[in-house]
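Okay, thanks for making time, everyone. Let me put the structure up and we'll walk through it together.

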Amino acid sequence: MYTEEFTPVIVKCYANRDGRDFELCCFKKLLQFQGKYIPKYLGRGTANSMETSRRFALILSWVGEDLDGRESIVPASSWTAAREAVFNMHRLGVVHGDLEFRNMSYDQSKRRIFFYDFGNSLCYI
């Protein structure tokens, strides 16, 4: 009997290549935080469709459901660590630009907050 296990991923689609590549730049600048405070970058792609024309995508590791409306499940110590992570992202030249609960998730096993959706970020050299 053959069985497969699948790991869920996030596929974020963009209407244009520039949007995707900008967010990819942020993930590259934050390489040391991938898997720790942001999803891991797994790949990128392009798809053509009769319905949607051409779409560009980032493939990222799944980091859980967003915290919107569920922020009370996060202990104070995890918020403190998340604040430190944001300061370190700024130090590396990335300002998220949209830090809302809908762009955060909480991994209970790691007791860690993850940030995602860097589409509105400022990325400094």
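So, a patch, the way I use the word, is made of residues with over 30% relative accessible area and no salt bridge, with like charges joined within 9 Å and nonpolar side chains (Val, Leu, Ile, Met, Phe, Trp, Tyr) joined within 5 Å. Areas are Shrake-Rupley with a 1.4 Å probe, and for residues only the protein chains shown count as cover. A salt bridge, in turn, is a side-chain nitrogen of Lys or Arg within 4 Å of a carboxyl oxygen of Asp or Glu.

Quick housekeeping. This is a predicted model, so local features need pLDDT of at least 70 and side-chain atom pairs count only at pLDDT 80 or more, while totals for chains, interfaces and linings use all residues. Residues are numbered from 1 along each chain as its sequence is written, and side-chain values use heavy atoms, with hydrogens and water left out.

Val 9, Val 11 and Leu 42 make a nonpolar surface patch of about 250 Å². Val 11 sits in strand E1, residues 9–14; strands here are DSSP runs (E, at least two residues) and helices are too (H or I, at least four), numbered from the N terminus.

Now the charges. How many salt bridges does the structure hold? Six. Take Lys 12: its side chain meets that of Glu 23 in a salt bridge, 2.7 Å from N to O. That pair links distant parts of the chain, with Lys 12 in strand E1 and Glu 23 in helix H1, 11 residues apart. For exposure, buried means under 20% relative accessible area, exposed over 50%, partly exposed in between (1.4 Å probe, protein chains only). Lys 12, at 22%, is therefore partly exposed, whereas Glu 23 is buried at 1%.

Lys 12 also pairs with Asp 117, at 2.6 Å from N to O. Here the two are 105 residues apart, with Asp 117 in the loop between E6 and strand E7 (122–123) and Lys 12 in strand E1. Asp 117 is partly exposed, at 25%.

One more pair: Arg 44 bridges to Asp 21, the closest N and O atoms being 3.9 Å apart. Arg 44 is in strand E2 (residues 41–49) and Asp 21 in helix H1, 23 residues apart. Both come out partly exposed, Arg 44 at 47% and Asp 21 at 27%. And through shared partners, Lys 12, Glu 23 and Asp 117 join into one salt-bridge network.

Okay, inside. A nonpolar core means buried Ala, Val, Leu, Ile, Met, Phe, Trp, Tyr and Cys residues joined through side-chain atoms within 4.5 Å. The largest one has 23 residues, and those touching the most other members are Leu 30, Phe 33, Ile 38, Met 89, Ile 113, Phe 115 and Phe 118. Two or more residues each come from helix H1 (17–29), strand E3 (53–61), helix H2 (76–91), strand E5 (104–107) and strand E6 (112–115). H2 gives the largest share, four residues.

Look at Ile 38. Leaving out residues up to four places away in sequence, its contacts (heavy atoms within 4.5 Å) include Phe 27, Met 89 and Phe 114.

Cys 26 is buried at 0%, while Cys 123 is partly exposed at 22%.
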